[in-house]
Amino acid sequence: MAPAAVPLEQLVNEWLRLDPNSITRDEIRRLWDQRNTDELERRMRTRINFGTAGLRGKMEAGWARMNDLIIIQASQGLCAYVLRSVPEASTRGVVVGHDHRHNSERWASLTAQVFISNNVKVYFHRGFVHTPLVPFSVKKLNAACGVMITASHNPKDDNGYKVYWENAVQIIAPHDVGIAESILQNLEPRIGNMPDVYTSPLCVDCSDSVKESYFALIQGLVTAELAHSSTKFVNTSMHGVSDLFVSEAFKQVGFAPCIPVEKQRLPDPEFPTVKFPNPEEKGEQDLALSEATTAGANYVLAQDPDADRFTAAERGADGLWFLFTGDQLGALFASHVLSKYKATGKPLGKLAMIASTVSSRMIEAMARVEGFKFVDCLTGFKFIGNTALDLVAAGYEAPFGYEEAIGFMFGSEIRDKDGVAATVMFAELVAEVQRRGLTVHGYLDELYQRYGYFETKNSYFVCSDPVTVDRIFWGIRHFRGSDSIIHYPTSIAGLTVNSVIDLTAGYEYDSTNAPSYQPRLPLSSGHMVQFRAQSTNDPDIKIVLTVRTSGTEPKIKYYLEGSAKDRQKLAKVLNLVVKDLADVWMKASEYGLRSP
């Protein structure tokens, strides 16, 4: 952030000096001529942060936005850091891919040009690709790093810059800090007489060969006797890039082609039929569900725009649609992977599965019953992927990991979420349960009977003011009102809190880890506190509640899961917990917090 003492005019003039794009240069000049200082302060005072998710923001002129200058500076900083940090980086090269959003192809080209101008080989994916293809390419080609231009399921005005390290996993500390510092040391654009990216001898079009290998990988995930299923599926790509990849994957495996939702099939950066291009959002699957009903299909499959996330719905005997949550899909996939692993005859003691700490505890319960290893980690596939690599280094196989936000990782070749792989694996699961005379929902009920009933109730509060966010979390940590002594809440909705884990830097605390009380998990860059509580009247009723800030949106998110034998009792308890969280802990009315 530029100090408040730096005159706004100085920030504007520096932008006008550096920005090579006449359109965004004129955008800032026009705002200055209009003396629109409020808008300029929003765009110019704070520099967009490069973190473990790379960059993501609105496409506009300004230091706080996504634009040509920011892409060039980020690429220059990344290139310098990679050349310093990765052996033989220039010959190993980097992978660059992009989705279909506005500016994505242009920014992928700019990224490639920066690396080529520094004599670094670039493996360039020509045409739209889904995000998992970039980390797959990094591993297959032994590249030094990878860059994917995408904003995933963000609104249409956003775009992003996602970085994968040489281990083919999203970057984590210390690389995020190192790259951010390197960017600040390479702000002067050096794009003079850059070569045309497509004709440079340092640019290698790797698209066809890598895709061929990718589809062979997907084919290998499916058990041979479950291939060639004729089940009717309707698939929506949410105006993203998945249609080509899902269609080819189904063809390679032998499944009958999906019925596409035509209005959402082709890539369209305007996302014209959805308010928010995320299949998790309420109502965004309505068109697909309607078309499936008309087509007589019992299953709807959906990927987000860059096809790294997946979700599904199943039509019941009553004609009503059941939309699976990310945690329910996580449990279903985990059981399916477990079944396939058992069939190999390998010892279960060498099997490991991973979930983010805000995801369901159901796999943890499954691991206790079945005898495999379960590991949780911080939210995000940068942590899930690296945890998987650590487990492999320790002698385990880690064929599955997930987070509740409909992200699923399969196999050993892609340590990132993959919506296409998840789509194929769900289709295989359908074939398996149908062979047993079950529906997927019926199979889920079987899992509840074996491992216990779990129900999640996740949502968020909208809060755009960082000061208010800090005040809310201060109140949670000083629940008794003392300014100097931290006292977390001891109850919620009549349940007794029996553990607290605060993963916030500066407040790190784990009540379950005496005598040090230091958290076992890495700390979060934002606020993140997890509570476990239990009913004293009915000890069978337990909850896990995690409250955290979002790194990319003005939200305070909460992840609530309960477990019990009585579903109706649990549903009532979860509703009461949400009410207490909003009214007592968050003081939503006092702070003007909005809920969806």
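Mentor: Start with strand S23, which gives the most to the lining of the second largest pocket, with four residues. Strands and helices here are DSSP runs numbered from the N terminus, with at least two residues (E) for a strand and at least four (H or I) for a helix. Before going on, keep in mind that this is a predicted model, where local features need pLDDT of at least 70, side-chain atom pairs count only at pLDDT 80 or more, and totals for chains, interfaces and linings use all residues. Residues are numbered from 1 along each chain as its sequence is written, and side-chain values use heavy atoms, with hydrogens and water left out.

Back to the pocket. Rolling a probe the size of a water molecule over the atoms shows where empty space is left. In practice that is done on a 1 Å grid over the protein atoms alone: a pocket is an open set of points with protein on both sides within 12 Å along at least five of seven lines, a cavity is a set where a 1.4 Å probe fits but cannot get out, and lining residues have an atom within 4 Å of a point. The second largest pocket comes out at about 500 Å³, the volume being the space filled by probe spheres set on the points, which are joined across faces, edges and corners. Its lining takes in 22 residues, and nearest the centre lie Arg368, Phe454, Asp540, Lys542 and Ser563. Besides S23, at least two residues each come from helix H14 (362-370), strand S16 (453-456), strand S21 (528-534) and strand S22 (542-549). By class, the lining of this pocket splits into nine charged, eight nonpolar and five polar residues; Asp, Glu, Lys and Arg count as charged, Ala, Val, Leu, Ile, Met, Phe, Trp, Tyr, Cys and Pro as nonpolar, and the others, Gly among them, as polar.

Now zoom in on one residue of the strand. Leu560 sits in S23, which spans residues 555-564. Leu560 is buried, at 1% relative accessibility; buried means under 20% relative accessible area, exposed over 50% and partly exposed in between, with a 1.4 Å probe and protein chains only. Who touches it? Setting aside neighbours within four places in sequence, Leu560 is in contact with Glu455, Thr456, Lys457, Asn458, Ile543, Val544, Leu545, Leu574, Val577 and Val578, where contact means heavy atoms within 4.5 Å.

The lining of the largest cavity has seven polar, four nonpolar and two charged residues.

For a contrast, look at the second largest cavity, about 40 Å³. Among the residues lining it are Leu217, Met409, Phe410 and Asp416. Helix H9 (207-221) and strand S15 (407-410) each give two or more residues to that lining, and the largest share, three, comes from H9. That lining counts seven nonpolar, two charged and no polar residues.

An open sheet of five strands runs in the order S8-S7-S9-S10-S11, with mixed pairing; two strands pair if DSSP finds at least two bridges between them. S8 and S11 are the edge strands, each pairing on one side only. Inside the sheet, six of the six residues of S10 (310-315) are buried: Phe310, Ala312 and Glu314 point one way, and Thr311, Ala313 and Arg315 the other. S10 runs antiparallel to S9 (299-303) over five bridges, with Tyr299 opposite Glu314 and Gln303 opposite Phe310. On S8 (259-260) you find Pro260, which is partly exposed at 23% relative accessible area.
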